Amino acid sequence: MNVLVTGATGFVGGHLVDRLLARGDTVTATVRSPSRASALASRGVRLVATDLSNRAALTDAVRDQEIVYHAAAQLGSSDEAELMRVNRDGTRNIADAAAAARRPPRVVLVSSMAAGGPSTRGTPKRDAGDDHPVTMYGRSKLAGEKALADAAPSWCAVRAPVVYGPRDRDGFLPLFKAVRWGIAPMFGDGSMEVCLIHVGDLADALIDAAGSNAVEHGIFYVNHPEIVTGAELLRRIAALMQRTVMPLPLPEWAARAALTVTGAWADLFHQKSILHPDKVHEFYQEAWTADPAPFIAATAWHPAWDLDRGLADTLASYREARWI
């Protein structure tokens, strides 16, 4: 099968490419810097040098593809207009390229639970539609879903929660390091409910979404069914590492002050970071949970990793890479 992957050099996109190559697909990837993606080329991936704003290059990249996996995104910025340019307008450009193809491919969008907004404690979200994003990033991802629905002939969107697993440097690695040190900052009192997904399960879900007619023109939550609190997640990691950890609860004002500093530092040096004050609106909610049952019912997908096995797999990969 001929497939295109945007964001192939990223965490999720990289694992997705691994699975696509393993099953024998012919993979094309859009990359901003071919020299930084040389490892993909050495594995037989065709590289197209472009970003999401180059409509002509995207039209060429999409031509003759059967599936487009759109995993590229801007995760963090202090500028909502920048997030919209990438996550909304870039998605629209992908959708338009698909619509212009002689045989339009299905576009599978890697979206985010942030697009739907938080849930309430004890009541996971099940369907898209009642959407109330609380951050600039969430609003940009919701706008990207709408742009896709408006323009692409065949599409579906997969809303993922926090993604973890091997090769993740930004999400869980700092948490594992904090547990190793014995003191871990925790937003609020640790009672916020969360669900997660192992990156391997997410990659499998994207492939299953591409192959199921039952998910066409739909937006689905995809995550582990298990729900834990922030405090419980910290305890699970500590037990796995055989460490005693002291949680350090951060009141909202302290988190906002800290993120103001990290955000300003990132802006000063033109670095992309999710650590901006706007992120506080996500960190102090009752819950970020969803029910994956509709997606499971519509596809062949079922999560292969439970949380404990997934955390162990992540820790093993960190140790193998000597990151901790």
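Some ground rules before the tour. The model is predicted, so local features need pLDDT of at least 70, side-chain atom pairs count only at pLDDT 80 or more, and totals for chains, interfaces and linings use all residues. Residues are numbered from 1 along each chain as its sequence is written, and side-chain values use heavy atoms, with hydrogens and water left out.

Start with the overall build. The protein chain has 12 helices and 14 strands. Those are DSSP runs numbered from the N terminus: helices are H or I with at least four residues, strands are E with at least two. The C-alpha trace spans about 60 × 40 × 35 Å along its principal axes.

How does the radius of gyration of the protein chain compare with that of a compact globule? The chain has 324 residues, so a compact globule would come out near 20 Å; the chain has 19 Å, which agrees. That radius is taken over C-alpha atoms, and the globule rule is 2.2 Å times the number of residues to the power 0.38.

Now burial. Of the 324 residues, 52% count as buried. Buried means under 20% relative accessible area, exposed means over 50%, and partly exposed is in between, with a 1.4 Å probe and protein chains only. The accessible surface comes to about 14,700 Å², and 54% of that belongs to carbon and sulfur atoms. Areas come from the Shrake-Rupley method with a 1.4 Å probe; for residues, only the protein chains shown count as cover.

Next, contacts, meaning heavy atoms within 4.5 Å. Take those between residues at least 6 apart in sequence: 78% of them join residues at least 24 apart.

A word on charge. There are 34 positive and 36 negative charges, and their mean positions are 5 Å apart. Lys and Arg count as positive, Asp and Glu as negative; His and the chain ends are not counted. Each charge is placed at NZ of Lys, CZ of Arg, CG of Asp or CD of Glu.

On to the cores. A nonpolar core is a set of buried Ala, Val, Leu, Ile, Met, Phe, Trp, Tyr and Cys residues joined through side-chain atoms within 4.5 Å. The largest one has 37 residues, and Y69, L206 and F295 have the most contacts inside it. Several elements each give at least two residues to this core, among them β1 (2-6), α1 (11-22), β4 (67-70) and α11 (293-298). Which element supplies the largest share of this core? Helix α7 does, with eight residues.

Look at Y69 itself. Set aside residues up to four places away in sequence, and Y69 touches V3, L4, V5, T6, L16, L20, R23, V108, L206, I207 and A210. There is also a second, separate core of 26 residues, including M113, F172, L233 and Y318.

S140 lies in helix α5, residues 136-151. Is S140 buried or exposed? S140 is at 0% relative accessibility, so it counts as buried. Beyond its neighbours within four places in sequence, S140 is in contact with L83, M84, N87 and R88.

R85 sits in helix α4, residues 80-100. R85 is partly exposed, with a relative accessible area of 47%. With neighbours within four places left aside, R85 is in contact with D79 and G90. R85 and S53 are 32 residues apart in sequence, yet 8.1 Å apart C-alpha to C-alpha.

Next, the loops. Two residues there have positive phi without being glycine. R167 has a phi of about 80°. Its loop runs between β7 (162-164) and α6 (173-181), and R167 is partly exposed at 44% relative accessibility. For Q242, phi is near 55°. Q242 lies in the loop between α8 (230-241) and β13 (246-250), and Q242 is exposed, with a relative accessible area of 75%.

G76 is in the loop between β4 and α4. G76 counts as buried, at 7% relative accessibility.

T120 is in the loop between β5 and α5. T120 is partly exposed, at 41% relative accessible area. Leaving aside neighbours within four places in sequence, T120 is in contact with E286 and A287. T120 and T28 are 92 residues apart along the chain, and their C-alpha atoms are separated by 40 Å.
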